[in-house]
Amino acid sequence: MAGDPNAPHFPRSAPIEAYGKGGFAFAGMSHRGSLLCLPDAIWAWDVTDPQKIDRYSLDRVFTAANGIDTLLIGTGTGPWLPPPELRQALKAVRVVLDTMQTGPAVRTYNIMIGERRRVAAALIAVP
């Protein structure tokens, strides 16, 4: 999907219908690359390596923090331990951080939005 980088790909949350082959499917659409799923919109996310995840890459999460209780980070195919300063910054805005590989993160995200929880997900695309 190409378009305005300041416009979301989808103007609300939606379950992730499929993932793999470098992208995701949701709301009847497909997207190549990583995704940032917030309660009010789904955005393209330019992170491809968990080592690049920082406060800057999660700026939209911090901006929307008053509507988010939990942030799931799908780390791709391997584990990742977030730096303590990122965990503390999220804690300061009352967002709980949970990291896991992208597959389990997608499944957890789908369950949580199905329960109408205030969840966001930063999902690194997997092959």
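This is a predicted model: local features need pLDDT of at least 70, side-chain atom pairs count only at pLDDT 80 or more; totals for chains, interfaces and linings use all residues.
Strands β6 and β7 run parallel and are joined by five bridges, and within this pairing Thr 70 has Val 96 of β7 as its bridge partner.

**Sheet**
- The sheet is open and consists of five strands in the order β5-β4-β8-β6-β7, with mixed pairing.
- Its edges are formed by β5 and by β7 (96–100), each of which pairs on one side only.
- From one strand to the next, the twist averages 20 degrees.

**Helix on the sheet**
- Helix α3, spanning residues 102–114, packs on the sheet and touches β4, β6, β7 and β8.
- The direction of α3 makes about 150 degrees with that of β6.

- In soluble globular proteins, nonpolar side chains tend to be buried together.
- The largest nonpolar core here comprises 23 residues, and Ile 53, Leu 58 and Leu 71 are those with the most contacts inside it.
- Two or more residues of this core come from each of the strands β4 (34–38), β5 (41–45), β6 (70–74) and β8 (119–123), and likewise from each of the helices α1 (59–63) and α2 (84–92).

**Surroundings of Leu 58**
- When residues up to four places away in sequence are not counted, Leu 58 touches Leu 36, Trp 45, Ile 53, Leu 71, Ile 73, Leu 86 and Ala 122.

Notes
Residues are numbered from 1 along each chain as its sequence is written. Side-chain values use heavy atoms; hydrogens and water are left out. A nonpolar core is a set of buried Ala, Val, Leu, Ile, Met, Phe, Trp, Tyr and Cys residues joined through side-chain atoms within 4.5 Å. Buried means under 20% relative accessible area, exposed over 50%, partly exposed in between (1.4 Å probe, protein chains only). Helices (H or I, at least four residues) and strands (E, at least two) are DSSP runs, numbered from the N terminus. Contact means heavy atoms within 4.5 Å. Two strands pair if DSSP finds at least two bridges between them. Axes are lines fitted to C-alpha atoms, for helices over the stretch in contact, and angles run from 0 to 180 degrees between N-to-C directions.
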